[in-house]
Amino acid sequence: MSARRGQALIETAITLPVMLILLLGFLAALVAIEAQVELDTATSLAAASCAAARANGVQCQQWANETYQDTLRHYTYLRPGPLRNCDTQPQVSCQGSATLLYQNTPMAFVIPTNPTLTSTASAAGSPYRSR
Amino acid sequence: MCSAIPPRRPNPHPGRTLGSSSGQALVEFSLVVGAFLLVLLGAVSASIYTVERIAAVTAVAAGARAAATPASGANPNDVDLHAAQPAIEAVAGHAMFGTQIDYSYVGAGASCGAPGGQGTVRVCVGPAHDPNDPAGVNRMVAVRMVGAPRNPVPTFGIFSWTLDVEVQVHQVTFLP
C-alpha cells in the first residue's frame, strides 16, 4: 500500500509542474499577443497624429510622441520605448518599440526575460488639408 | 445428481471489499476530471478574454480616429465625439460576444463612471488634457472602455474578467 502511495506522489510531483508550466506558458503567449496589439494600435495612432499635424516636422514628431506615450501609459505591463521616424510628411512611417514586463506578472515564473516588441505603422496625410 | 459446489476463495485483503476499491477510483476520477475541467475552462476563458480585449483596443482606436475627425459640414476644427459610436460598434459589436456597450460623452478630466455588471462595458469619449498644451489649442481625444465583457463559457463566476483600455489621439486640425 505505501509503495503505491509513493508512486502516486511521484507521478503527481512530475505532472503538476509540467501542467503549471504549460498553463503559464499559454497565458504568457496570450499576454504577448495583447501587448503586441496594444503597441500596434499606439504606433498606428501616432502615425495618424503625425499625418494630421501641420506641415512642419517638429509638430509632427511632438503629436506622434504625445499620442504614443498617452496611449501606452495606460498599460502597466508595457514600458514604452522610443518612437522613431515620425518626421516626414505627407507619407509617415513610424517605428515604435516597447518592453513587455513579464516580471510584473505571474508569468515571470516561466519567462524570466522582458522581451522587446516592435511595431511599424504608416499613414498618409490628406492632400486637401490646408497647411 | 447434484454437482459439488466449489469452495469459496478466501479474500486476499480481509476487511477490504471490491466496493471500496471502485469508490476510490471514482473519487480519484472526479478529482482529476474536476481539475482538468477547471484548467480547460480557464484556458478557454483566457483565450476569449484575449479576443475581447483585442477587439476592445481596436474598437476604441477606430472610435478615437472617428471622433478626432471633424464632421462633414461642421466647423473643420471641431471634434465629432458622437462619430465614435458607430465606429466602435462596427468593430466590437460582433467580436465581444453580445456584450452590452453603453456610451457617455464626458469632458476632460471627468471620471468615466462605474461600469455596469457582468456583460456590460462603458465607453467614455471626450477631450483629453494635453500637458504640453495648456491653452488647449491642439486638442486630443480620449476613448476609454471599462467593464466586464460577457464570457460565453459557463464558468459559474470563477473566471470573471474585467478590461480597461484607453487610447488618445490628436484631433485633426486645419489652418485657415
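## Surroundings of B:Thr162

Leaving aside residues up to four places away in sequence, B:Thr162 touches B:Gly147 and B:Ala148. The model is a predicted one, and in it B:Thr162 belongs to the loop between S3 and S4 of chain B. Its C-alpha atom is separated by 6.7 Å from that of B:Pro149, although the two residues are 13 residues apart along the chain.

Is B:Thr162 buried or exposed? B:Thr162 counts as exposed because it has 12 C-beta neighbours inside 10 Å, and a residue with 12 or fewer is placed in that class.

## The sheet of chain B

The strands on either side of this loop, S3 and S4 of chain B, take part in an open sheet of four strands, which has mixed pairing and the order S1-S2-S3-S4. Strand S1 (100-105) and strand S4 (163-170) of chain B form the edges, each of them pairing on one side only. From one strand to the next, the twist averages 15 degrees.

Strand S3 of chain B, which covers residues 140-148, pairs with S4(B) in the antiparallel sense, and eight bridges join the two. Within S4(B), the residue that stands opposite B:Arg144 is B:Glu166. Helix H2 of chain B, made up of residues 84-95, lies across S1, S2 (120-128) and S3 of chain B, and its direction is at about 160 degrees to that of S1(B).

## Contact between the chains

Where chains A and B meet, 24 residues of chain B are in contact with 26 residues of chain A. On the side of chain B that touches chain A, helix H1 (18-68) and S4 of chain B each supply at least two residues, and H1(B) gives the most, with 12 residues. By residue class, this side of chain B divides into 14 nonpolar, six polar and four charged residues.

## The largest nonpolar core

In soluble globular proteins, nonpolar side chains tend to be buried together. Here the largest nonpolar core has 62 residues, and the members with the most contacts inside it are A:Ala47, A:Cys50, B:Val60 and B:Ala64. Helix H1(B) provides the largest share of this core, namely 12 residues.

How values were computed. Residues are numbered from 1 along each chain as its sequence is written. Chains are lettered from A and ligands numbered from 1 in the order in which they are written. This is a predicted model: local features need pLDDT of at least 70, side-chain atom pairs count only at pLDDT 80 or more; totals for chains, interfaces and linings use all residues. Two strands pair if DSSP finds at least two bridges between them. Axes are lines fitted to C-alpha atoms, for helices over the stretch in contact, and angles run from 0 to 180 degrees between N-to-C directions. Two residues are in contact if their C-beta atoms, placed from the backbone, lie within 7 Å. Ala, Val, Leu, Ile, Met, Phe, Trp, Tyr, Cys and Pro count as nonpolar, Asp, Glu, Lys and Arg as charged, and the others, Gly among them, as polar. A residue is buried if 20 or more other C-beta atoms lie within 10 Å of its own, exposed if 12 or fewer, and partly exposed in between; C-beta atoms are placed from the backbone. A nonpolar core is a set of buried Ala, Val, Leu, Ile, Met, Phe, Trp, Tyr and Cys residues joined through C-beta atoms within 7 Å.
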